[in-house]
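Follow the stops below in order.

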Amino acid sequence: MRGRWVAGWTLAGAMLLGGCGDPTGDPTGDPPRPPAAPVAPGTSVTPEASAPTRQQAPAAPARPPVVLYLGDSLAMENQRVLGRELRRDLRADYTSAPYSGTTLCDYLEGTGERSLVPDADKAAALVRSVRPDVVVLQFWGNAWGYTPCMDGITYGAAPQRYLERYTADARRLAGQITGAGGQSPPAIVWVLQGPDPITPERVRKVNAVYEELAAASGEPVADAGRAVSPASGRYTWARFLPCTAWERAHSGYCTEPGRDRTALHRDDDHLHFCLAPTTSTPKPCPVRSPGVLRIAREITRVVGAAARGGG
């Protein structure tokens, strides 16, 4: 029996629903990994945006964790890099099934044709087939009702109703994931989102929903959003951040070394972190993108710390 591992803004609808361009080879590279620090259950991890270069990789857990990664277009662009980080640092058995343009209700069982996620890839169905130790959920919080299962509820038209519905869906999704795990339910790691340049309070409140659920179950959250936020303001949107020491030392990750700053977003896409243009066919990010790597490493750090400290 498996023990438990405690672990958009967009310029147009097509940009939210789309993903990055087709990859050719793997231009994302295979950079060395800074070590992870332990995280206590029920707490969020808050790395500094300009952390110094680390010397050694973290110790892998005694048993490689089985990790399932679900989410929207942000997860779609992150999935390849996150898989690389998890496999290299934790020797993880990794499965990803993100769908661009989705929100939490799309992964709920019982939504049928009103969902953008097929039945075989619903969260509970994948938990029953993959038997993960950890389920990582990364959802920006679709606020415009692009997916039918939101019943047209949008943040702009009805913010309180949107948050109530989003909270209810988050609880239902967590319950379905836990229930599908039977006597060995997986740990759930909610990924906190980065700043929203249009409605910053929306992301703050969505993140609060994730933090409340994590605290109630005694599990950590992965504050990947802080890794792509200015040190001066967790919910202040920025296209550029200062390069970290690690990024300065690795070609392509400090995108403007002469100005000691790196790009998190393209100038025509304020939501996604992939520096390749979005396309109508969603794909993993095909180019080196500092924001994608920062997010992936934060998630890996939290999953690894939970795996090493859990059962």
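Select helix 3 (residues 123–130) and helix 4 (159–180) first. Helices here are DSSP runs of H or I with at least four residues, strands are runs of E with at least two, and both are numbered from the N terminus. Helix 3 and helix 4 pack at about 20 degrees, with their axes 8 Å apart. They therefore count as roughly parallel (angles under 35 degrees; over 145 is roughly antiparallel, 65 to 115 roughly perpendicular, the rest oblique). Axes are lines fitted to C-alpha atoms, for helices over the stretch in contact, and angles run from 0 to 180 degrees between N-to-C directions.

This is a predicted model: local features need pLDDT of at least 70, side-chain atom pairs count only at pLDDT 80 or more, and totals for chains, interfaces and linings use all residues. Residues are numbered from 1 along each chain as its sequence is written, and side-chain values use heavy atoms, without hydrogens or water.

Now show side chains between the two helices. Ala-123, Ala-124, Val-127 and Arg-128 of helix 3 meet Leu-173, Gln-176, Ile-177 and Ala-180 of helix 4. Contact means heavy atoms within 4.5 Å.

Four strands form an open, parallel sheet in the order 3-2-4-5. Two strands pair if DSSP finds at least two bridges between them. Strand 3 (93–96) and strand 5 (187–190) are the edges, each pairing on one side only. From one strand to the next, the twist averages 20 degrees.

Zoom in on strand 4 and strand 5, paired in the parallel sense over 4 bridges. Val-134 has Ala-187 of strand 5 as its bridge partner. Helix 4 packs on the sheet here, touching strand 4 and strand 5, and makes about 150 degrees with the direction of strand 5.

Then select helix 2 (residues 73–90). It lies across strand 2 (66–71), strand 3 and strand 4, at about 165 degrees to strand 2.

Last stop: the loop between strand 4 (134–138) and helix 4. Select Asn-142, found in this loop. Is Asn-142 buried or exposed? At 2% relative accessibility, it is buried (under 20%; exposed is over 50%, partly exposed in between, with a 1.4 Å probe and protein chains only). A polar atom of its side chain lies 3.0 Å from the backbone oxygen of Gly-101.

Thr-154 sits in the loop between strand 4 and helix 4 too. Thr-154 is buried, at 17%. Leaving aside neighbours within four places in sequence, Thr-154 contacts Ala-143, Trp-144, Gly-145, Pro-159 and Tyr-162.

Methods:
A polar contact is a pair of N or O atoms within 3.5 Å; within protein, one must be able to donate a hydrogen and the other to accept it, and residues adjacent in sequence count only if both atoms are side-chain atoms.
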